[in-house]
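Hi,

Here is the model I promised to pass on.

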Amino acid sequence: MSIRVALPVHDHKGLDDHIFEHFGHAPAFLIINVSEGKIIDLKTVDNAYMDGHAPGAVPSFLAELGVNVLICRGVGRRALLFLEQLGIEVVRGTGGRVRDVIEEYLSGRLKSRDYEPSRKWHEEHS
């Protein structure tokens, strides 16, 4: 079985990048193609919506890229609803280096958990 996983990231460092706290405002997404439980290839795609977007824009962008799974730290309730409606599985509440996170996901050990940022995104960056 093949899947396409997206992770919001800070830079263009591939598996050595780190998960960005708020998926919708991440500078980029690392897109990882997985087949038979192994990474086949990966690419980093800039997030054109990082500075602002209408509700549903980022989930639709990920769906257009063929993403099946989003692994992230924080995601708003409305965005979560859009992602679920688009058939994208969301694993939230995780952080750290992508290499470690994807390894944990592929081994079946990564579980979604609640994550509440200390402040809302717009309060931190307005």
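How many bridges join strand S1 to strand S2, and do they run parallel or antiparallel? Eight bridges join S1 (residues 2-9) to S2 (residues 28-35), and the two run antiparallel. Strands here are DSSP runs (E, at least two residues; helices are H or I, at least four), numbered from the N terminus, and two strands pair if DSSP finds at least two bridges between them.

Before going on: this is a predicted model, with local features needing pLDDT of at least 70 and side-chain atom pairs pLDDT 80 or more, while totals for chains, interfaces and linings use all residues. Residues are numbered from 1 along each chain as its sequence is written, and side-chain values use heavy atoms, without hydrogens or water.

On to S3, where Ala-28 has Asp-46 as its bridge partner. S2 and S3 are antiparallel too, joined by eight bridges. Their hairpin has two residues between the strands, and Glu-36 there takes a positive phi near 55°.

Zooming out, five strands make an open, mixed sheet in the order S3-S2-S1-S4-S5. S3 (38-46) and S5 (89-91) are the edge strands, each pairing on one side only.

Ile-39 is in S3, and at 34% relative accessibility Ile-39 counts as partly exposed.

Cheers

Key
Buried means under 20% relative accessible area, exposed over 50%, partly exposed in between (1.4 Å probe, protein chains only).
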